[in-house]
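Let's take a walk through this protein together, with the model open beside the text.

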Amino acid sequence: MLCGVTILLLGAIAPFHPGQSQVLPNTSFFDSLLLRTDESSSSDATAGPALTNLSAHPSTKLAPHFSPSASLATAQNPTILRQFHDLLAQYVHRQVHDDNFTIRVIDRRTDEVLELFELTELRAQHENGAAVDWETVDERRHEAMDRLVDKYEDRGVPLDDIIVRWGRANQVQTAHERDRAYRAYERRLAEHLGLSLLATEIGTVETFNQDHLVSAAGAVSRYQMLPWILRRSGVTEYTLPTSSDDWVRVREERNPLLVLEPAFVLLRGYVNAVGHELPGLSAYHAGPGNVFKLYRHYYTSPHFTASSTVADAYAWAVTEGFETVSEGSTFGGDSRGYVPATYGALMARDDQSVDQTPPLRTVRVQVRPGASVTLRRLLAPLDSTARSFDWGPRADTADTLYDRFRALNPHIDLPSAPDGRLPETGNVRFVSSIDGKAVRFFLPLGAPDALRDAGVTALDSTAAFRYDASTYDAPTARQVTRWDRQYEALVADIARFGFTERNRDRLLRLHDRFETLAEQRPTRYRRRQLRIISTHRRLWMSNPWQELADATTRATGRMKVEGRPLDLHPHRLGVPDTLRTLPLGP
């Protein structure tokens with residue numbers, strides 16, 4: 001019965017719990033902004049510009065798609081853009097205004113809110129301090145949803161036009177609190193990579209920023225990445241020996257600071273490969289193959305013109321073209337709502353001030369090759385020195401130095417210590433690497449210097465990486481080469497459906513240049529740029545991309561696309577990298 005209903009939910013079926021509902025009039029996107037409350041204000045936010053005033057905010061960086069106040073008169077497809085804004089409004093209500101005891105029923109044809117149903121008794125228990133399991137709440141909502149769908153279908157609303165949205169405001173608020181220590185680094189890295197602030201809500205939408213969750217497909221970490229992708233980025237698993245001859249498991253994907261950069265760099269590669277951040281975010285969730293197929297559907301729609309962009313295609317795919325795109329595809333309701341959900345989550349803290357100083361300041365360290373040191377040997381000088389150290393907000397409630405270390409290093413599965421003393425089963429021995437996998441852990445800023453002063457010389461100073469207010473600064477003018485600028489120009493061309501063999505040849509030549517640059521100047525920036533373009537190259541060497549390139553040739557053969565020439569050789573194969581011997585230019 002529910003196969004035609006557009007829903008976004010978690011949980012299973014359980015007995016119905018009484019609630020109450022109210023029928024609401026249609027609510028516009030502008031109303032959704034006016035209904036905002038001050039509950040999202042963060043107690044830890046320091047004086048600074050609000051998120052909404054940053055240039056990386058989607059209302060600025062991704063205008064007009066996230067600028068509902070802008071005029072639609074000059075939009076390429078004003079009807080599609082209006083529908084996209086209406087979709088965003090649904091998710092602003094879902095993520096900001098509707099708590100986890102709420103169900104909103106919408107008529108897809110008019111975007112009219114037919115009913116706002118509330119589990120009032122469960123909400124009252126929660127507000128009175130009772131422990132609440134959100135999966136149990138979802139079970140109650142699932143049963144209520146069945147009744148609501150039947151109710152409005154009986155009233156003549158076509159099943160395919162009944163949209164059900166479950167409120168998530170409680171979980172979004174909790175997710176933001178979990179992310180407090182890492183929020184500044186997410187924002188700075190997004191800005192460094194040229195992404196909007198939507199990227200900072202990936203963890204919220206994927207897992208509500210829970211690091212231990214594993215998807216049915218095996219994706220791990222709060223950012224939900226497949227293990228093989230993480231391994232390629234150096235995020236691994238291994239075990240460390242202890243002084244009691246036990247072993248402690250290390251799962252690096254459970255430390256946000258170790259997976260943040262791999263996740264955002266992967267997203268940047270996807271964005272470049274599909275031509276724009278909107279479909280790039282969708283590719284991160286649904287897979288690039290689905291986005292490539294989405295473009296092929298758009299070519300046959302009446303909206304495809306010489307001035308169309310891939311962002312227009314995405315907006316069409318999640319609104320008017322959704323039935324076409326989703327038929328026989330894994331691009332379903334969750335995929336349709338992914339980008340709007342990130343926007344809704346961002347709106348939950350949109351008026352907060354930007355953190356001027358990261359709540360967590362730390363240094364990632366490694367042991368020198370050939371050396372080793374126990375955790376007890378590391379902690380003893382830090383416990384005895386008169387100097388105090390900031391172990392970060394996760395350690396605020398920790399009573400002992402051992403517990404503070406555990407809080408700062410959630411990827412190391414250290415046992416608890418009820419008596420406060422470091423147990424032998426937790427006294428791990430750190431070395432440089434295990435089976436070729438780098439052993440990395442975190443200490444407070446200033447701790448490596450204090451250890452060196454105390455005679456602990458096992459740490460490798462050349463491998464240390466600081467997380468503070470300067471982390472992920474923008475690249476300097478000297479770091480950005482003309483090849484980086486040529487790559488930016490290529491991505492700009494791709495935004496206008498530049499999926500051609502000619503552009504792939506440009507990509508392959510630039511990839512060769514980036515490899516050479518990374519070998520000659522192995523800076524973090526150059527290695528990061530190489531990882532981005534390598535992801536792009538991998539996607540453009542795939543069969544789904546080739547099918548898109550062929551479809552692009554057919555589509556652009558019927559019109560001259562603005563800003564780039566037609567590809568006259570659609571079946572020419574790119575020269576393998578191994579055969580290229582291009583000299584490095586100036």
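## Around Tyr525

Beyond its neighbours within four places in sequence, Tyr525 touches His192, Pro475, Gln479, Val480 and Asp484, where contact means heavy atoms within 4.5 Å. Tyr525 sits in helix H21; helices (H or I, at least four residues) and strands (E, at least two) are DSSP runs, numbered from the N terminus. Tyr525 is buried, at a relative accessible area of 9%. Buried stands for under 20% relative accessible area, exposed for over 50%, and partly exposed for what falls in between (1.4 Å probe, protein chains only). One of the contacts, Gln479, is 46 residues away along the chain, yet the C-alpha atoms of Tyr525 and Gln479 are separated by 7.6 Å.

Thr481 belongs to the loop between strand E14 (465-467) and helix H19 (482-494). Thr481 is buried as well, with a relative accessible area of 10%, and its contacts outside four places in sequence are Leu517, Arg521 and Arg526.

Residues are numbered from 1 along each chain as its sequence is written, and side-chain values use heavy atoms, leaving out hydrogens and water. The mean pLDDT of the protein is 88, and 86% of its residues reach 70 or more; pLDDT is the predictor's confidence in each residue, from 0 to 100. Over residues 1-45, pLDDT stays under 50, and residues 561-586 also stay under 50. Where pLDDT is low, the predicted coordinates should not be read in detail.

## Helices that pack together

Two helix pairs are set out below. Axes are lines fitted to C-alpha atoms, for helices over the stretch in contact, and angles run from 0 to 180 degrees between N-to-C directions.

| Helix pair | Angle | Axis separation |
|---|---|---|
| H3 (78-97) and H15 (333-347) | about 55° | 8 Å |
| H10 and H11 | about 125° | 8 Å |

H10 and H11 are therefore oblique to each other; angles under 35 degrees count as roughly parallel, over 145 as roughly antiparallel, 65 to 115 as roughly perpendicular and the rest as oblique. Residues of H10 in this contact include Ala263, Leu266 and Tyr270, and those of H11 include Pro279, Leu281 and Tyr284. Where H3 meets H15, the residues of H3 include Leu87, Tyr91 and Val96, and among their partners in H15 are Arg336, Pro340 and Met347.

Helix H12 (residues 288-299) has twelve residues and spans 17 Å from first C-alpha to last, close to the 16 Å expected, which is 1.5 Å times one less than its number of residues. Buried residues of H12 include Pro288, Phe292 and Tyr299. Their cover includes helices H10 (256-274), H11 (277-286) and H21 (524-540).

## Backbone details

What is the peptide bond from Ala63 to Pro64, cis or trans? The bond is cis, with omega near 5°, and Pro64 lies in the loop between helix H2 (58-61) and H3.

Asp435 is not a glycine, yet has a positive phi of about 50°. Its place is the loop between strand E11 (433-434) and strand E12 (437-438), where Asp435 counts as exposed at 76% relative accessibility. Tyr472 has a positive phi too, near 65°. Tyr472 lies in the loop between E14 and H19 and counts as buried at 7% relative accessibility.

Methods. Predicted model: local features only at pLDDT ≥ 70, side-chain atom pairs only at ≥ 80, totals over all residues.
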